[in-house]
Amino acid sequence: MSSLQDSARAPRVHGIMRFAVLVSCVIVLAAVDGCHSVSPVEPEPLTLGLYSEPLGMGMPVDADSSDDIIIRHFQYTCSYNPILNVANWVCWNEDSLWYGPSERCDCFGADPLLPAECMPVTNAVYSGSGYDRGHLANSEARTRCDSDNHNTFYYTNIFPQTASLNRQTWYYLERYCDSLSTEAHKELFIMAGGVYHSKKRVNNVVTIPDSCWKVIVVLERGQHAASVNAGTEIIAVMMPNMVYNKDNNDWRMYQTTVKDIEQATGYKLLSAVPANLQLALKN
């Protein structure tokens with residue numbers, strides 16, 4: 001457990017069929033091109049059918065790409081904002097094969113793929129701030145091996161959240177996604193980020209989101225964007241970055257529409273979904 005304010009998370013329930021084959025993690029090399037693009041070498045396919053499709057539902061895009069540094073890790077893809085010093089969004093794919101024996105590392109640190117000319121966030125920034133270091137792509141869903149879990153602790157995947165949001169309401173939705181992946185054997189495509197209107201900052205460095213949003217596309221195991229249809233379940237939430245209690249900490253209270261999230265953020269989502277379905281699924 002970190003000495004800083006972080007989630008006192010409940011023990012992770014494994015309940016997952018373990019494979020006898022040892023799955024080794026892939027180290028994704030990257031080349032930096034300026035301050036607005038980070039491109040990886042294509043990873044080798046993994047055994048046991050595990051592929052990473054963080055942008056399987058399409059890359060979120062807004063009208064101004066100048067504040068989008070696209071960083072591609074094997075575990076997730078993020079758009080990092082060098083002006084706000086926090087992610088605009090993070091996208092990832094989630095299913096049962098991502099879960100395994102690795103423990104939460106609590107190893108917060110700078111992202112090695114962040115361009116050198118961009119200011120890195122350090123542990124000291126959050127110290128004494130009153131805000132938790134909340135995950136976008138959650139660490140519990142990246143426990144296949146130690147490096148998977150480690151990569152979720154890069155500050156490009158972290159944003160400031162109130163303690164009760166991070167440890168209760170946001171976390172309860174993460175646990176629900178865990179159960180969809182490991183118990184219901186669903187294939188999830190998830191994107192999450194913050195709404196930054198007030199521009200308040202943690203220690204004058206990291207911008208604090210006014211609200212935190214998440215969109216989850218729920219498919220059957222092994223399905224992809226081409227499998228989306230009018231009946232596909234879409235979970236969209238917008239949670240104010242506030243203090244929560246037992247009367248208002250159910251994540252279902254903050255369900256909204258993809259369209260409302262697009263309006264709040266300026267990003268267009270689900271671009272890989274067939275165009276004739278987007279309107280119905282976003283409303």
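Mentor: Gly266 comes directly after helix H4 (258–265), and its phi is positive, near 85°. Helices here are DSSP runs of H or I with at least four residues, strands are runs of E with at least two, and both are numbered from the N terminus. This is a predicted model, in which local features need pLDDT of at least 70 and side-chain atom pairs count only at pLDDT 80 or more, while totals for chains, interfaces and linings use all residues. Residues are numbered from 1 along each chain as its sequence is written, and side-chain values use heavy atoms, with hydrogens and water left out.

Within H4, the buried residues are Val258, Ile261, Glu262 and Thr265. They lie on the same side of H4, because they cover an arc of only 100° around the axis. Buried means under 20% relative accessible area, exposed means over 50% and partly exposed is in between, with a 1.4 Å probe and protein chains only. The arc is taken from the directions that run from the helix axis to the C-beta atoms. In general, an α-helix has 3.6 residues a turn, so residues three or four places apart point the same way.

What do the buried residues of H4 pack against? Their partners are strand S8 (186–195), strand S11 (211–220), S12 and helix H5 (275–282), with contact meaning heavy atoms within 4.5 Å.

Rings of Phe, Tyr and Trp (its six-membered ring) pair if their centres lie within 6.5 Å; planes under 30 degrees apart count as stacked, over 60 as edge-to-face and the rest as tilted. By this rule there are seven aromatic pairs. Among them is Tyr244 with Tyr254, an edge-to-face pair at 5.6 Å centre to centre and 80° between the planes. Both tyrosines sit in the loop between strand S12 (233–240) and H4, ten residues apart. Tyr244 and Tyr254 are also buried.

Thr169 belongs to H3 (residues 163–182) and is buried, with a relative accessible area of 0%. Leaving out residues up to four places away in sequence, Thr169 touches Ser164, Met239, Tyr244, Asn249, Asp250, Trp251 and Tyr254.

A nonpolar core is a set of buried Ala, Val, Leu, Ile, Met, Phe, Trp, Tyr and Cys residues joined through side-chain atoms within 4.5 Å. The largest core has 46 residues, of which Val90, Val206, Ile216 and Met239 touch the most other members. H3 gives the most to this core, with five residues. A second, separate core of 23 residues includes Ile70, Val217, Ala225 and Tyr267. As for Ile216, its contacts, not counting residues up to four places away in sequence, are Leu173, Cys177, Leu188, Phe189, Ile190, Glu233, Ile234 and Ile235.

Two strands pair if DSSP finds at least two bridges between them. S3 and S4 form a hairpin with four residues between them, and Ile69 has Tyr80 in S4 as its bridge partner.
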